[in-house]
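Here are my notes for a first look at this one. Have the view open while you read.

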Number of protein chains: 2
Amino acid sequence: MDYKEFKKIYEVSNRDISREVYRNNKGIILIKKEKTAVNNLEKIFNAVFNISYKKGFQAMSMRALSQKTGMSLGSLYAYFKGKEDLQDIIQIQGWSIIKKDLEKVLKSHNNPWERLKAVIKAHVFLSELFRPWFYFTFMEARNIKAVKSMEDHTQKILTNILVEGEKQGVFKPGNHELTASMIKAMQQEWYLKRWKYKKLNISVDQFAGHLMGLVEAFCLAPGQEGCA
Amino acid sequence: MDYKEFKKIYEVSNRDISREVYRNNKGIILIKKEKTAVNNLEKIFNAVFNISYKKGFQAMSMRALSQKTGMSLGSLYAYFKGKEDLQDIIQIQGWSIIKKDLEKVLKSHNNPWERLKAVIKAHVFLSELFRPWFYFTFMEARNIKAVKSMEDHTQKILTNILVEGEKQGVFKPGNHELTASMIKAMQQEWYLKRWKYKKLNISVDQFAGHLMGLVEAFCLAPGQEGCA
DNA sequence: TAAAAAAAAGAACGAACGTTCATATTTAAA
DNA sequence: TTTAAATATGAACGTTCGTTCTTTTTTTTA
């Protein structure tokens, strides 16, 4: 599966995400009309990603956000209780995207190697599709407890596949927890250093392919190459 | 070489770094006595790393820095022109540490595989020794031009070793630029996610060893394993 | 078209920020 | 010990921040 296929199957847009945020926060958001709210939420998120890309969320002023969105300061506060809440909303939604996706892919394969490939690739493709969400979630989530537990969660998924695969003789023995960590680090590379790959003219498919090659060389037991 | 040996050979302390900063900025720093200046600079750097670890440098107030260092607000401004300059000083010094080290290790090996191993390991060990500097430099250096060119520089070093090694038949053919990127991503993992490895009880030697195993499996040409 | 509801606007407020500077304290020199 | 230089202090300043709230504008309903 390449990125093009993935996008067709996945069928979720930034607008869908904004709609989800609206419905999850109807109690807080003071706007009644869904269309208006979703429209403005999309504007807000885009502006936040844009402004905080260079200097971080803390350095983004509400006045800058007002200017970038074209909304007044007063209007903005109809969509969140305060600046910190805005950050929380984005983070929570970001993790939700990642989590839901991983669980969907997990169910769609049984063979450990196929499953591992699918999980790794899906994550890379998803981070391409929602790069600003991924970038923001990583960069603004420093020492937060919820973030650590989510990192643990997604890492455990990879670890479990590797452990299960070793039992079946598909993967070499090894410290699977460490391997899972390394895989995660390489996945993150894609959305953290976009400028680099743009410059080198490397596509997301090339990147994912290279990552799969690395994992195959290190993890796959001898004589299993036919499965690749 | 393990971390213990590395530390013995490297022989640079946080105090040495502070002294270097003082000597490089004698024009700006208003304090005449080296001992006083170096002492306070060390206090300042430690406090900056401590406070900005959780919420970032932007969120650190000068008053918080004053409290943590035990120095008055006025005193602090004898060591840097302004808050932004303080950040620049730390970043520049951070990159300087990385650059000097890499160049030293480069000269100490000729065989490509030995050289690759030495460069990768040295970087991981160095990031362990000066983790706060590495963490700060990565997290606070977002879209800055100087940072990108430094990232390019260190990546090019890895790429060149891989290309040279392929010519000599030591390494498999492949997209070496991409491989270098992946290696860098895994190196960064060590200082960005310290909490994870502390929790898993994984030492820097274990981590470096695992990374070397991955690189060996992916890069080393068949029949070269004897060198490892 | 008139009344009611919803949404947008932006001036105003207090708090917190980075920075300065006149003064006090400490250290070194005479 | 006295004098001069170096260093430390923290109140005060102007600015900018996040946030609120009354008013205006727009949209919907009757």
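1. First, a term: a polar contact is a pair of N or O atoms within 3.5 Å; within protein, one must be able to donate a hydrogen and the other to accept it, and residues adjacent in sequence count only if both atoms are side-chain atoms. One example is A:M60, with a backbone N or O atom 3.3 Å from a phosphate oxygen of DNA strand D.

2. Some ground rules: this is a predicted model, where local features need pLDDT of at least 70, side-chain atom pairs count only at pLDDT 80 or more, and totals for chains, interfaces and linings use all residues. Residues are numbered from 1 along each chain as its sequence is written, chains are lettered from A and ligands numbered from 1 in the order in which they are written, and side-chain values use heavy atoms, leaving out hydrogens and water.

3. Stay with DNA strand D, which has 22 residues around it, A:K33, A:M62, A:R63, A:Y77 and A:K83 being the closest (near means a heavy atom within 4 Å). Of its atoms within 4 Å of the protein, 56% belong to sugar and phosphate.

4. What does B:R63 reach on DNA strand C? A base oxygen, 2.7 Å from a polar side-chain atom of B:R63. B:M62 instead puts a polar backbone atom 2.7 Å from a phosphate oxygen.
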